[in-house]
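Trainee: I would like to go through the charged side chains and the surface of this model. Please show it first.

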Amino acid sequence: ISETRKQFLADISHELRTPLTIIQGESDMALRGDQKSPAQYIDALERVKEQVVHTTRLVQDLLFVARTEDGKVPLQKRNIALIPLVKEVCDEFRLLAAERNITISIDFVESELMVNIDAGKIKQVVTILLDNAVRYSYEDSIISVSVERQHGQARLKISDTGIGLTFHES
């Protein structure tokens, strides 16, 4: 196993342990001791649900990487409007970002940008990037998301103040 793969597996294991620990703790708290108020049960269930959504996202990421390495990622391309898809993902992360006083700023030069892509895969990639941006950005910062047409192609850019990931065009 390569060092990169070992590190990736270690990172995923760590990332999965945290939400599972929270889910177990919330469940134990709800089941332990005296009867709780309906509000206390609802609070616990909301935290469990948040962690299940987060864990599901991590498992989807892991499955995506595994399928990519095997060359088994089937694409279901169709023409879609890219900007509403990106806005939807940004909206999903606004509450999580707000908890850390992080603002997600969106900038779209065009209101309509049609692209022939696998919407599910692109949404997954944008989700992974925004999840990392929110998770690793400093509090009280801004995450900038932009989409523009450049040389006949759509270009998505996500900038943040975190520790950073650098991608180079090939």
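Trainee: Which side chain meets Lys 123 in a salt bridge?

Mentor: The model is a predicted one, and a salt bridge here needs a side-chain nitrogen of Lys or Arg within 4 Å of a carboxyl oxygen of Asp or Glu. For Lys 123 the N to O distance is 2.4 Å. The partner lies in helix α3 (residues 82–98) and Lys 123 in helix α4, so the pair ties together parts that are 35 residues apart in sequence. The side chain asked for is that of Glu 88.

Trainee: Is Glu 88 buried, partly exposed or exposed?

Mentor: Buried means under 20% relative accessible area and exposed means over 50%, with partly exposed in between. Glu 88 has 38% relative accessibility, so Glu 88 counts as partly exposed.

Trainee: What separates Arg 94 and Asp 91 in helix α3?

Mentor: Their side chains meet in a salt bridge, at 3.1 Å from N to O. Arg 94 counts as partly exposed at 31% relative accessibility, and Asp 91 also counts as partly exposed, at 48%. Because they are three residues apart in the helix, the separation is about one helical turn.

Trainee: Asp 131 forms a salt bridge with Arg 135; is Asp 131 buried or exposed?

Mentor: The closest N and O atoms of this pair are 2.6 Å apart, and the two residues are four apart in helix α4. Arg 135 has 26% relative accessibility and counts as partly exposed. Asp 131 has 6%, and under 20% is the cut-off, so Asp 131 counts as buried.

Trainee: Which side chain of opposite charge is nearest to Asp 118?

Mentor: Asp 118 is found in the loop between β3 (114–117) and α4 (119–136), and is buried without a salt bridge. A polar atom of the Asp 118 side chain lies 3.1 Å from the backbone nitrogen of Gly 120. The nearest side chain of opposite charge is 4.1 Å away, and the salt-bridge limit is 4 Å. That side chain belongs to Lys 121.

Trainee: Which residues form a nonpolar patch on the surface?

Mentor: One member lies in the segment after β5 (153–159) and, at 69% relative accessibility, counts as exposed. Together the members have about 370 Å² of accessible area. They are Tyr 136, Tyr 138 and Ile 163.

Terms used. Residues numbered from 1 in each chain as written. Predicted model: local features only at pLDDT ≥ 70, side-chain atom pairs only at ≥ 80, totals over all residues. Heavy atoms only, no water. Patch = residues over 30% accessible without salt bridge, like charges linked within 9 Å, V, L, I, M, F, W, Y side chains within 5 Å. Areas by Shrake-Rupley, 256 points an atom, 1.4 Å probe, with all protein chains shown as cover. Buried < 20%, exposed > 50% of the residue type's maximum accessible area, 1.4 Å probe, protein only. Lys, Arg positive; Asp, Glu negative; His and termini not counted. Polar contact = N/O pair within 3.5 Å; in protein donor to acceptor, adjacent residues only side chain to side chain.
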